[in-house]
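Morning, everyone. Let me put the model up, and then we'll walk through it.

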Amino acid sequence: MSTITESDESEETAKYEESRVYGWLDDRLDLNDEFLGKAFPEDRYASFLLGEVTLFTFIILVLTGTFLGMLYRPGAAATTYEGILAEYAGTEVPLAFASVLRITYDVPMGMFIRMVHHWGAYLFVAAMGLHMLRVFFSGAYRNPRELNWVVGSTLLFLGIGEGFMGYALPFDEYGSTATGIGFTVAGSIPVIGETLTKIIFGGLWPDNAAVILPRMFFYHVFLLPLIIGGLIAVHMLLLIRQKHTEQQGSRDDDAGVSDDDESVVTGVPLVPNQVAVTIIVFLSVFGVLALLAGFFPVQRLPVWGPNDPFSTPSGVAPDWYFMWVFGILKVIPGFIPKGEFVAGVVAPGIIATVLVLWPFIDYERDAVHFTADPIKRPFQTSVGVGAIVFIIMLSVAAMNATVGSLINVETSTASTYLLYLTIIVPIVWGLITYYVLKRGVERRSDSGATPTEDDSDTAAAPSDD
Amino acid sequence: MRRETAIILVLIGIVLLPMWGIALASGGNSFHEIAIQTGESVSLAPTGQFITMPTEISVYAAGIVSWLALFGLVGLLYAQLRYAHNVGRRGEPIVPDEGESLPHVPSFLETAHRRVVAYYPADAGLRGVWLVGLFTFLSVVFAALFAGEAFGLSRSQFLGFYGGLLAFSLSETVLMYYTHFMPTIEVAEDRDH
């Protein structure tokens, strides 16, 4: 047991004499102030801030979602909408539909906050994707950060699952038809599909919407955000414990720290510098979302109307981040048994598993703390390029009807072409990338032009200080 | 940009741009007019706008907008960070490792596992005062406009426009204060602790 001496106390007092608040809290909570000095490495292109962008988008989603959650009413029973939207004023519509109309048109700032939430969800998924691409191409997932990659990629899939739940909540014709695609896919799982759907959602969509909507609301506003928030906390804790990777060659020349010294991490401290950067990032994220919310209001409800169980509207598609799964469903050949299950569950499942386990496929035995230069990793980079092109081609395949009309062929013919292209193009693109990078590595090796491990654009660019 | 990087970007662009073209050709955007009741009892006009925009953009176009917005955001952050880096480190740094003495820094910057390796004092010049003043003024203006709209007709497009400009003005205010009035400190910390 330690004893506090007078000299210790006077030292502590002197240490915090400029911050009585901190001193007061420290007296009671025994704060570990060392964290406040944590080093945040910089990179030239601000790509190290993509994680913060994702985090702040999530926080904005939680804040706006809290507002929406207090006003939303999950339910399919008919009720009279008594707001200012002329088309539906005084008419009977489902409870959920009416409550979203009310939020959008009858609550001050309701449409704006709902649209910030809507675009925040899109930006959340896109920022996570770009963040993961940065980590992938720079090899920042390697030993000892494999676990954080697993957590991060799990967050990506939870994020798009969260989006799926939110899509159905207004119970409009468009959203509920798109949600039906998800239910069809889930129900296609052999033997357990329908039972699983009933256990998780309480029935089949949209017949049992009265039961399903409250469950989806619970998953969307409580369960999934709780899991996502928890995993984000784990992600942060691992980051703090393991510290950031650093881009070799980006260190301050004047600081006098060797460029290849992996025993230290250099950067600006959390307090005061990174806090200022963090505030700038948060405000910039909100600024972009506010502009999107203002100029791209998605007033889908009055355009499409409430769910109609007796109609199947054409031209309905899932959200853009599900488009690649939709693409597999569109081009899966008819001779494959249980096509919906294979296209909607097995194939995406394999892709997701490979993604999550990638650090163990591209396994690094020794710990590395500097990011890698993508053009010096022909195999990994060509796999990454091939994967991006694969997702893009699948998304094109999801729009097979448009492709058919553009090239003037039947949709089924277009689907066949797209199936071949989806297989061939990523492989060819990957091989071209591999060949180009391999030649570059050999050329540099022949000319001896490899003074450092990393001569990426960032490191190689002349300082403009 | 290195040749390999350019080739990779071209390769991705060759498939990405046609996909965006097909997405736009898929349509689904709606200009369906949304009628709002008017009268003495109606105090809101959420659909009011000063630029005509679609009442619904399709999920296809929404993907393009999301990615372009993200690229725009990253570009903005890049510009802000380069400004802070280039202007904030314009002067000669104090390097403790070379025997120069540091001004007062918080205790958590110098611990058993962490040390300050470069310290760029803030210039705190008149230019910084003007810039902080300018963006503070803009923040106040857009905050007033935003509040006026929020307590008035609550038109979503106006709220988004004022809210966006308010956030950017605040962001630039913080950036200017950070760049001109805060020292830029570079620390090195041991990885193994």
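Start at the contact between the chains. The side chains of Arg89(B) and Glu42(A) meet in a salt bridge, 3.4 Å from N to O. By salt bridge I mean a side-chain nitrogen of Lys or Arg within 4 Å of a carboxyl oxygen of Asp or Glu. Arg89(B) sits in the loop between α2 (59-88) and β1 (114-120) of chain B, and Glu42(A) in the loop between β1 (39-40) and α3 (50-71) of chain A, so the pair joins two chains. Helices here are DSSP runs of H or I, at least four residues, and strands are runs of E, at least two, numbered from the N terminus.

Some ground rules. This is a predicted model: local features need pLDDT of at least 70, side-chain atom pairs count only at pLDDT 80 or more, and totals for chains, interfaces and linings use all residues. Residues are numbered from 1 along each chain as its sequence is written, chains are lettered from A and ligands numbered from 1 in the order in which they are written, and side-chain values use heavy atoms, with hydrogens and water left out.

Back to that pair. Are the two partners buried or exposed? Arg89(B) counts as buried, at 6% relative accessibility. Glu42(A) counts as partly exposed, at 25%. The cut-offs: buried is under 20% relative accessible area, exposed is over 50%, partly exposed is in between, with a 1.4 Å probe and protein chains only. Arg89(B) and Glu42(A) also belong to a salt-bridge network, together with Asp252(A) and Glu186(B).

Next pair across the chains. Arg2(B) and Asp373(A) form a salt bridge at 2.8 Å, N to O. Arg2(B) lies in the segment before α1 (3-25) of chain B and Asp373(A) in the loop between α14 and α15 of chain A, so this pair joins two chains. Arg2(B) counts as buried, at 16% relative accessibility. Asp373(A) is buried at 2%. One more: Arg443(A) and Glu4(B) meet in a salt bridge at 3.5 Å, N to O.

How many salt bridges are there between chain B and chain A? Six. Over all chains the structure holds 14.

Now the whole interface. 97 residues of chain B are in contact with 118 residues of chain A. Contact means heavy atoms within 4.5 Å. The area buried between the two chains is about 9,300 Å², and carbon and sulfur atoms give 68% of that. On the chain B side, Arg2(B), Val59(B) and Arg191(B) lose the most area to chain A, together 10% of what that side buries. Buried area is the accessible area, 1.4 Å probe, that two parts lose on being put together, summed over both.

Let's stay inside chain A. Asp362(A) forms a salt bridge with Arg377(A), the closest N and O atoms being 3.7 Å apart. Both lie in the loop between α14 and α15 (378-398) of chain A, so the pair ties together parts that are 15 residues apart in sequence. Asp362(A) and Arg377(A) are both buried.

Overall picture of chain A. The count is 18 helices and four strands. The C-alpha atoms fill a box of roughly 75 × 65 × 45 Å along the principal axes. Of the 465 residues, 54% are buried. Among contacts between residues at least 6 apart in sequence, 72% join residues at least 24 apart.

Leu301(A) is one residue to look at here. Leu301(A) lies in helix α11 (residues 300-304), and counts as buried, at 3% relative accessibility. Leu301(A) and Ala98(A) are 203 residues apart in sequence, yet 9.6 Å apart in space, C-alpha to C-alpha. Beyond neighbours within four places in sequence, the contacts of Leu301(A) include Tyr88(A), Phe97(A) and Asp172(A).

Last, the annotation. UniProt, in an unreviewed entry, gives "domain: Cytochrome b/b6 N-terminal region profile" for residues 21-248 of chain A. That stretch is 66% helix and 4% strand. The record also places "domain: Cytochrome b/b6 C-terminal region profile" at residues 257-439 of chain A, again unreviewed. There the chain is 65% helix and 3% strand. Positions are in the numbering used here, feature names are shortened, and annotations may be inferred rather than shown by experiment.
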